Amino acid sequence: MVFVLLLAAPVLALLPALRPAPLDLQENRPLAPWPDLAAMPLAEASRAVELYVADHFPFRTHLVAAYIMVMERWLGVPVDAHLLGKHGELFFVMSDENTVRDYMGMRPLAQDELLRRRAYLTGLQAWCEGQGVAYLFMLGPNKTTIHPEWLPDWIQDQQGQTRQEQFLAMMAGTPVPVLDVSSEFVERKDQGRLFNVLSDTAHWNGRGLRLANELLVGAVRRRLPGLPDVDTSARMHLRDERAVTVYDEDVVPLLVFSDALSLRYDHTPAFLATVAAMPSIWLKPYRIVNDALPQKQGSAVLFATDSYFSTHVGQGGMPGTDKDTPWFPTPLPYLFHTFVHFHHDAMTRPALERFFRDEQPALLVHAYAERSMLWPWHLMDPELMALGEAVLGSPLLELTRAGTAEGKPVVDEPWDIREPTVISLPEAVADAHGRVLVTGRVQRIAGGGSIRLAIRGGAEEMAVTFDNEDEVFCVAVPGTPGTPVRLTAALAPQSEGRWLLLEPELLRQFRQNGTAGGR
């Protein structure tokens, strides 16, 4: 009888009334749907049904959870996204965001990556200030940074320099205001858990989010001392909820907000037009208006962040929904008439220009997670990088302002390039990092194809090819620190096309006026 029941169990579990509720494995992928068998060939239908059954057979999630439990909790072998630490604590170790490897210094940022980040953020801050918008960069710490004592002893003994430590050391001495909350988290970690034991250990929990918001509001008030006298701490509350994970149950504190009746979604046509032109990211932009505050210039804030400010919030629906109570992860909407939230990977300069024009904000908050420091900042604008290098006083040469072409001086005018052209640049002294930087702008005005730029300094050559119709470049050429370097640049159209060599606009504005642009 028992044998018969075991054989029948999978079939009986297919019945809706008997089917067990699946566990949330947080697979970050859509499960295979039931296929339209009438619309596909037999061979494809067979494979589609196989994929559906593989994703939906009874007890699938429970069996996967049991496997993860045995391997990670009992044997200490990471197979999903976590490493087992002391006292049953889990640490996030998935892919390039492996926080344990970062703690051990096993994947540091190369010097070039650090310098590019420094130049980009310095240029972004200078450009924002030139538009009359204050800028604040914020870092959210890893669980390993705040609780290394919970890591296994063999990992604690292998501590190295983390990417955050590298980044903060590189940003020291720049004009960029950086809010690093790590030291405050370490000081207050004994007053209540800031990271969960099992559930979503890739982020701080609601208590950590509340502390981060308290520190953020303090930093914002220091940047903008004339903000409304609103007690934001009194509007933040914690609510414990039970979370069922693949490992066990966990008590998770969520952050909730009170007195939000004056807040509402207001997605204006101008806002929707800007969003439509932004890169598509999982975190959809949204706009909240606080009717209790007057609308005027400088009464808006832009908040660019990622999932660190999108989890462990217990009020309202998800961003962009039509819920009566708006969803928001920070008390900043209480301090500004308009609050615009979007993912930092969608933060292009054209999008910011439109937001600056339409919202006239007082502040851009740019919040980043420590575990994401390894991500290639693919949106790093080379024109902002060139601006940042100029602000920092780096040795920066422009192809349009100095040098000779075929023995003739390069005038400060557009230069029509149809054939390979060699430019001799003036001598420059390599900086403390052994670099001389070359910047310029190429614009295709006829024909097609690409143009190749090769910059040579001694035995070193840096080459890059541009395919876009209009592109600014900022190329670092290696040298010996403190040693003079003489460079030559060769521009060669790769097909029958005509190109202009121009001066980057932001750099021109900065060198003429000391600021980059303005409203």
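Colleague: What covers the buried residues of helix 13?

Modeller: In this predicted model, the cover of the buried residues of helix 13 includes helix 5, helix 12, strand 12 (396–398), strand 18 (435–447), strand 21 (470–478) and helix 14 (505–513).

Colleague: What makes helix 13 (residues 382–392) "mostly covered"?

Modeller: A residue counts as buried when its relative accessible area is under 20%, and eight of the 11 residues of helix 13 are buried, so the helix is described as mostly covered. The buried residues are E383, L384, M385, A386, L387, G388, E389 and A390.

Colleague: Why are helix 5 and helix 13 called roughly perpendicular?

Modeller: Their axes cross at roughly 90 degrees and come within 7 Å. Angles of 65 to 115 degrees count as roughly perpendicular, and therefore helix 5 and helix 13 are given that description.

Colleague: Which residues of helix 5 and helix 13 meet, and how is their contact divided by class?

Modeller: From helix 5, the residues are L115, R116, R118, A119, Y120, T122, G123, L124, A126 and W127, and they meet L384, M385, L387, G388, E389, V391 and L392 in helix 13. By class, this contact of helix 5 with helix 13 has 11 nonpolar, three polar and three charged residues.

Colleague: Where does A351 lie, and how do you know that A351 is buried?

Modeller: A351 belongs to helix 12 (residues 349–359). Its relative accessible area is 6%, and the cut-off for buried is under 20%, so A351 is classed as buried.

Colleague: Which residues is A351 in contact with, leaving aside its neighbours within four places in sequence?

Modeller: With those neighbours left aside, A351 is in contact with T274, M278 and A346. A351 and M278 are 73 residues apart in sequence, while their C-alpha atoms are 6.4 Å apart in space.

Colleague: Why is helix 11 called roughly antiparallel to helix 12?

Modeller: Helix 11 (residues 269–277) and helix 12 pack at an angle of about 175 degrees, with their axes 10 Å apart. Angles over 145 degrees count as roughly antiparallel, which makes helix 11 roughly antiparallel to helix 12. The contact of helix 11 with helix 12 has, by class, six nonpolar, one polar and two charged residues. In helix 11 the residues are A270, F271, A273, T274 and A277, and they meet A351, R354, F355 and D358 in helix 12.

Colleague: What makes strand 4 (178–180) and strand 7 (263–265) the edge strands of their sheet?

Modeller: The sheet is open and has seven strands in the order 4-3-11-9-10-8-7, with mixed pairing. Strand 4 and strand 7 each pair on one side only, and they are the edge strands. On average, neighbouring strands of this sheet are turned by 20 degrees against each other, direction ignored.

Colleague: How do you know that strand 3 (residues 134–140) and strand 11 (residues 363–369) pair?

Modeller: Two strands pair if at least two bridges are found between them, and seven bridges join strand 3 to strand 11, so they count as paired, and they run parallel.

Colleague: What pairs with strand 19 (residues 451–457)?

Modeller: Strand 19 pairs with strand 20 (residues 460–466) in the antiparallel sense over seven bridges, and six bridges join strand 19 to strand 23 (residues 488–493), which also runs antiparallel to strand 19. I451 has F466 as its bridge partner in strand 20 and P493 as its bridge partner in strand 23, whereas the bridge partner of I455 in strand 23 is A489. In the hairpin of strand 19 and strand 20, with two residues between the strands, G458 takes a positive phi near 65 degrees.

Colleague: Why do the residues of strand 23 divide into a covered face and an uncovered one?

Modeller: In a regular strand the side chains alternate between the two faces of the sheet. In strand 23 the covered face has A489, L491 and P493, and the uncovered one has T488, A490 and A492.

Methods: Residues numbered from 1 in each chain as written. Predicted model: local features only at pLDDT ≥ 70, side-chain atom pairs only at ≥ 80, totals over all residues. Heavy atoms only, no water. Helix = DSSP H or I, 4+ residues; strand = E, 2+ residues; numbered from the N terminus. Buried < 20%, exposed > 50% of the residue type's maximum accessible area, 1.4 Å probe, protein only. Contact = heavy atoms within 4.5 Å. Axes fitted to C-alpha atoms, helices over the stretch in contact; angles between N-to-C directions. Parallel < 35°, antiparallel > 145°, perpendicular 65-115°, else oblique. Nonpolar A, V, L, I, M, F, W, Y, C, P; charged D, E, K, R; others polar.
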